[in-house]
Amino acid sequence: MPLSPRVPELGALELLLAVARRGSVGRAAAELGVSQPTASARIKGMERQIGVALLERSPRGSRPTEAGLLVVEWARGVVEAAQALDAGIDALRERRDARLRVVASLTVAEYLMPGWLLALHRASPGTAVTLRTANSADVAGQVLAGEADLGFVEGPAAPPGLSGVVVAADRLVVVVAPDHPWARRRSPLTAERLAATSLVLREPGSGTREVLDAALAPYGGVARPRLELASSTALKAAAMTGAGPVCLSELAVVEELATRRLVAVPLEESLDLRRPLRAVWPAGQQPAGPARDLLALTRRGGR
C-alpha cells in the first residue's frame, strides 16, 4: 500500500524532533546545519501537509502542540528505524568493499596482475582479492553473469554486453626452438606462409587465438593447428621441445628470448599482431569500491 501524501519526508521529521529537543526553531536549524528561514519554511510546509499545527511559537521559543507531541512520538520511531537502515546499508557497503572478485585472461593474470594486486594491497591492505583465470570468452561470461566484479580480456574490442577500457598493450610473436629452420631466417616470414603453416596455438575462445585468426583471415585463415594448448607455459614448453612454431604473447617469452631458449621469427610488417588488453565490466554500470581502485591503479601504471 503506497504512503499517503500527508506523510512528511524524513528530513522534515528530523527537524521537528530537533525543535522538540532544543525548544527553538533557530537552535534546531543550527544543529542540522540549515538557516532559520529554511527551517521555519519547512515546519510550516509540514503543518500544511499534515493539516494541523505542530508548534506553539512564542518569544521564548517553540514547543510542540498537543497534536505535535503525538507526531513527535511517531516521528521518533520513524527516524530511529531510518537510522538503523542507514547503519545496515553502511555495513553492507563495508562488507562489499572488503572483497574483490577478479577474473582475467591467462596473459594478464600471469604477467600483469601480480604487480597490480601488489599495488592494490599497498593502497588497501584490508581488501580480500579472489583471482580466477580463464580465456577471454569465459572471462566475459563470468563478468556478465555477476560472478566477478572486474574482468580483463585480450582482443580488439570489448565483448558484447560489456564496457571496457584499454589498460595495457601486447603483441603476439611467433617463436621456435633454436634448432628450428625458421630460427635462422633473415628475411621476414610472409603472412601467406604463416597462414599455411600448422602452428602450436591457444584454444579457440582465447584472446591470442582471436587476434591471430583476425590477422590471418585475409590470407586464407589459420591452418589446422598442430596442437592446441590452454596456457602460455604449455605453449613455451612445446616450442622448446621442437613441437613446431608457436604463436603467443610477447609478454610471456621475455625471459626465454633473452636467454636464447626460444627465437623470435621475423614477420613482415603488414602482419599486425598487436592487441590491446582491457578491463571490462557490465555495460551501463561503473566499477565501484575495490574494483574502481584496481582499475585506477592499472591506468596509472600500477603494473
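Mentor: The cover over the buried residues of helix H10 includes H5, E6, strand E7 (200-202), strand E8 (227-229), strand E9 (246-249) and helix H11 (254-258), where contact means heavy atoms within 4.5 Å. Helices (H or I, at least four residues) and strands (E, at least two) are DSSP runs, numbered from the N terminus. This is a predicted model, in which local features need pLDDT of at least 70 and side-chain atom pairs count only at pLDDT 80 or more, while totals for chains, interfaces and linings use all residues. Residues are numbered from 1 along each chain as its sequence is written, and side-chain values use heavy atoms, without hydrogens and water.

H10 spans residues 232-240, and its buried residues are Ser232, Leu235, Lys236, Ala238 and Ala239; buried means under 20% relative accessible area (1.4 Å probe, protein chains only). They lie on the same side of H10, because their arc around the axis is only 160 degrees, taken from the directions from the helix axis to the C-beta atoms. Just after H10, Gly242 has a positive phi of about 85 degrees.

Next, the cores. The largest nonpolar core holds 23 residues, and Val108, Met113, Trp116, Leu150, Phe152, Ala279 and Leu294 have the most contacts inside it. Such a core is a set of buried Ala, Val, Leu, Ile, Met, Phe, Trp, Tyr and Cys residues joined through side-chain atoms within 4.5 Å. Among the elements giving two or more residues to this core are helix H5 (106-111), strand E6 (162-176) and strand E11 (274-282). H6 gives the most, with five residues. Apart from this core lies another, of 20 residues, among them Val174, Leu189, Leu212 and Val265.

Last, the other helix packing. The axes of H1 (residues 10-22) and H3 (residues 36-50) come within 10 Å and cross at roughly 110 degrees, so the two helices are roughly perpendicular, a label for angles of 65 to 115 degrees. H1 contributes Gly11, Ala12, Leu13, Leu15 and Leu16 to the contact, and H3 contributes Ala39, Arg42, Ile43 and Met46. By class, these are seven nonpolar, one polar and one charged residues. Ala12 is in H1 and is buried, with a relative accessible area of 4%. Leaving out residues up to four places away in sequence, Ala12 touches Arg42 and Met46. Ala12 and Gly45 are 33 residues apart in sequence, with 9.1 Å between their C-alpha atoms.

Definitions and conventions. Axes are lines fitted to C-alpha atoms, for helices over the stretch in contact, and angles run from 0 to 180 degrees between N-to-C directions. Angles under 35 degrees count as roughly parallel, over 145 as roughly antiparallel, 65 to 115 as roughly perpendicular and the rest as oblique. Ala, Val, Leu, Ile, Met, Phe, Trp, Tyr, Cys and Pro count as nonpolar, Asp, Glu, Lys and Arg as charged, and the others, Gly among them, as polar. Buried means under 20% relative accessible area, exposed over 50%, partly exposed in between (1.4 Å probe, protein chains only).
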